[in-house]
Amino acid sequence: MKFKGFAVLSLVILGLLSLAYAYGPRFGGYLAQTNVQLTKISGTVSKIVNTPALTITVKTASGDKEVILGPAWLQIKELKVGSKIEIEGFESPVSKNFKAVKVVVDGKEVLNLSKSVSYGNPGFGSPRGRRGFKNYQNCPCLSLQTN
């Protein structure tokens with residue numbers, strides 16, 4: 001009888017800790033208090049790597065800069081080695097990687113994570129609809145300010 005009560009109590013505690021871990025960052029995680037500023041870089045694409053994230057190396061006047069554009073499944077057909085690129089983004093305070101919020105390749109905007117995106121089924125999950133890339137947890141791009 002003692003063992004059964006201990007097992008049930010352990011499962012309840014484990015379930016509560018799992019929920020706290022899964023939903024914790026949405027309710028004011030560590031990035032919610034971070035002040036992150038957008039910066040702009042421009043140059044020429046010198047390298048494209050697509051694992052585990054779409055990462056490019058941009059040759060700028062001040063040297064090479066590695067930029068994370070998004071997840072590996074993100075496909076930008078206009079992006080090629082030698083393309084002129086302008087990126088607006090931020091340096092992650094945690095990983096120190098430069099992450100893109102807005103990308104313009106050869107004068108054409110190909111990625112803008114700060115725009116709201118609606119997918120036509122606002123009743124699923126939330127009354128305001130889906131917001132595209134803004135649904136990423138801990139994405140500070142919701143409250144960034146441009147220099």
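**View 1. Contacts of Leu69 in the predicted model.** In this predicted model, and leaving aside neighbours within four places in sequence, Leu69 is in contact with Leu54, Ile56, Leu74, Ile76, Leu79, Ala100, Val103 and Leu111. Leu69 is also one of the residues with the most contacts inside the largest nonpolar core.

**View 2. The largest nonpolar core.** This core has 22 residues, and those with the most contacts inside it are Ile56, Val67, Leu69, Leu79, Ile85, Ile87 and Val103. Two or more residues are given to the core by each of strand E1 (37-49), strand E2 (53-60), strand E3 (63-71), strand E4 (84-91) and strand E5 (98-105), and the most come from E5, which gives five residues. In soluble globular proteins, nonpolar side chains tend to be buried together.

View 3. Ala100 lies in strand E5 and counts as buried because its relative accessible area is 6%, where buried means under 20%. Apart from neighbours within four places in sequence, the residues in contact with Ala100 are Val67, Ile68, Leu69, Ile87, Glu88, Gly89 and Leu113. Between Ala100 and Glu86, which are 14 residues apart in sequence, the C-alpha to C-alpha distance is 9.9 Å.

**View 4. A nonpolar patch on the surface.** Val8, Val12, Leu16 and Leu19 form this patch, and together they have about 370 Å² of accessible area. Leu19 belongs to helix H1 (residues 2-23), and with a relative accessibility of 48% Leu19 counts as partly exposed, because exposed requires over 50% and buried under 20%.

Methods:
Residues are numbered from 1 along each chain as its sequence is written. This is a predicted model: local features need pLDDT of at least 70, side-chain atom pairs count only at pLDDT 80 or more; totals for chains, interfaces and linings use all residues. Side-chain values use heavy atoms; hydrogens and water are left out. Patches are made of residues with over 30% relative accessible area and no salt bridge: like charges are joined within 9 Å, nonpolar side chains (Val, Leu, Ile, Met, Phe, Trp, Tyr) within 5 Å. Accessible areas come from the Shrake-Rupley method with a 1.4 Å probe; for residues, only the protein chains shown count as cover. A salt bridge is a side-chain nitrogen of Lys or Arg within 4 Å of a carboxyl oxygen of Asp or Glu. Helices (H or I, at least four residues) and strands (E, at least two) are DSSP runs, numbered from the N terminus. Buried means under 20% relative accessible area, exposed over 50%, partly exposed in between (1.4 Å probe, protein chains only). A nonpolar core is a set of buried Ala, Val, Leu, Ile, Met, Phe, Trp, Tyr and Cys residues joined through side-chain atoms within 4.5 Å. Contact means heavy atoms within 4.5 Å.
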